Amino acid sequence: ATPTALMVGTGRGAKMGILIKNGEVLEEVNDVKTVVFDKTGTITKGKPEVTDIIGNENQVLKIAAALEESSEHPLATAILNRAKDIAAPKASDFKAIEGKGVSAVVDGKNAFVGNDKLLDDVKIDDDLTYKMTRLQDEAKTVVFVGLDNKIIGLIAIQDAPKETSKEAIATLKNRGLRTVMLTGDNQRVAKAIAKDVGIDEVIADVLPGDKADHVEDLQKNGKVAFVGDGINDAPALTMADVGIAMGSGTDIAIESGGIVLMKNDLRDVAKALELSRKTFNRIK
Ligand code: ADP
Ligand code: MG
């Protein structure tokens, strides 16, 4: 493409709220075979809400809120919103355990909130396991709340897909692209959401530091675009042939992306593709 065509292409993108950092990026988009999506804040709204509490609600929320006060995770925000009328005790010795949850000392006891991976030494009985899987199949993220190695309850949190995600995925699949979800969340939850929006492949339970490795692996089958919004997504955005960041994302995600979607609408991934095709005059 001529420099003029490139300017026209990126200019058109900008008008649609698709910021393309340079002409090279616009060309790369054309050759993408696989689109990999982060889940939270990318496919979903990123505004999780507590939907179910199992156990003594007041007690469960009190302990969970005491811990989540010190966390910046979206799940923490959901729990604190639900617990806003409850006076939570102060926690000390707060620790965030990557990909698993949080722990701290509350009222002299070792308190924790997190997923089953956090519970190495804690037994989950059959009834609770059943309740957990049922909630996860409803696309709800489940965290356990515990004190001194005993589970006192369970909190289910739902983060609904954005209204346009399903249509966006369908359009990409119609164009022959492979779609993959890459997430730190649990496999069952991830699968339920993927099914909802039509994504074929799910890579779940991924630690934040491992996202880029998965992108690299997928690159064995052709060029990869990664779409994400979080701090954790920056290495994957950089590793991908085309990094696409949500405009609502963290500064570091936006800096790492070659394309920024200002409307946070996944349908704009297909629009960027179309723009590239037109700019480079390639009919496929
Ligand atoms: P993602 O951003 O894709 O949800 P994370 O690695 O941030 O992935 O979190 C993975 C999982 O770790 C969460 O789904 C949750 O089960 C658990 N977790 C992480 N942080 C917290 C927290 N502050 N409170 C409760 N659970 C947490
Ligand atoms: Mg995210």
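Predicted model: local features only at pLDDT ≥ 70, side-chain atom pairs only at ≥ 80, totals over all residues.
Lys-220 counts as exposed because 7 C-beta neighbours lie inside 10 Å of it, and the cut-off for that class is 12 or fewer. This residue belongs to the loop that runs between helix 9 (211-218) and strand 11 (223-228).

Helix 12 (residues 267-279) contains Lys-278. With 15 other C-beta atoms within 10 Å, Lys-278 is partly exposed, since that class falls between the limits of 12 or fewer for exposed and 20 or more for buried. From Lys-278 to Ile-155 the C-alpha separation is 48 Å, and the two residues are 123 apart in sequence.

Turning to the whole chain, there are 12 helices and 13 strands. The C-alpha atoms fill a box of roughly 70 × 30 × 30 Å along the principal axes. The radius of gyration is 21 Å, which agrees with the value near 19 Å that a compact globule of 284 residues would have. Of the 284 residues, 45% count as buried. When contacts between residues at least 6 apart in sequence are considered, 59% join residues at least 24 apart.

The chain is divided into two domains: domain 1 (3-44 + 161-279) and domain 2 (49-158). Their C-alpha centres lie 31 Å apart. Across the boundary, 11 residues of domain 1 are in contact with 11 residues of domain 2. On the domain 1 side, helix 8 (residues 187-197) gives the most, with five residues. By class, that side of domain 1 has five nonpolar, three polar and three charged residues.

The shell holds 20 residues, of which Ser-71, His-73, Gly-101, Asn-115 and Gly-184 come nearest. Elements that give two or more residues to this shell are helix 3 (39-43), helix 5 (74-82), strand 5 (101-106), strand 6 (109-114) and strand 7 (140-147). By class, the shell around ligand 1 divides into six nonpolar, 10 polar and four charged residues.

Definitions and conventions
Residues numbered from 1 in each chain as written. Chains lettered and ligands numbered in written order. Near = placed C-beta within 6 Å. Helix = DSSP H or I, 4+ residues; strand = E, 2+ residues; numbered from the N terminus. Nonpolar A, V, L, I, M, F, W, Y, C, P; charged D, E, K, R; others polar. Rg over C-alpha atoms; globule rule 2.2 N^0.38 Å. Contact = placed C-beta atoms within 7 Å. Domains from an automatic or database assignment.
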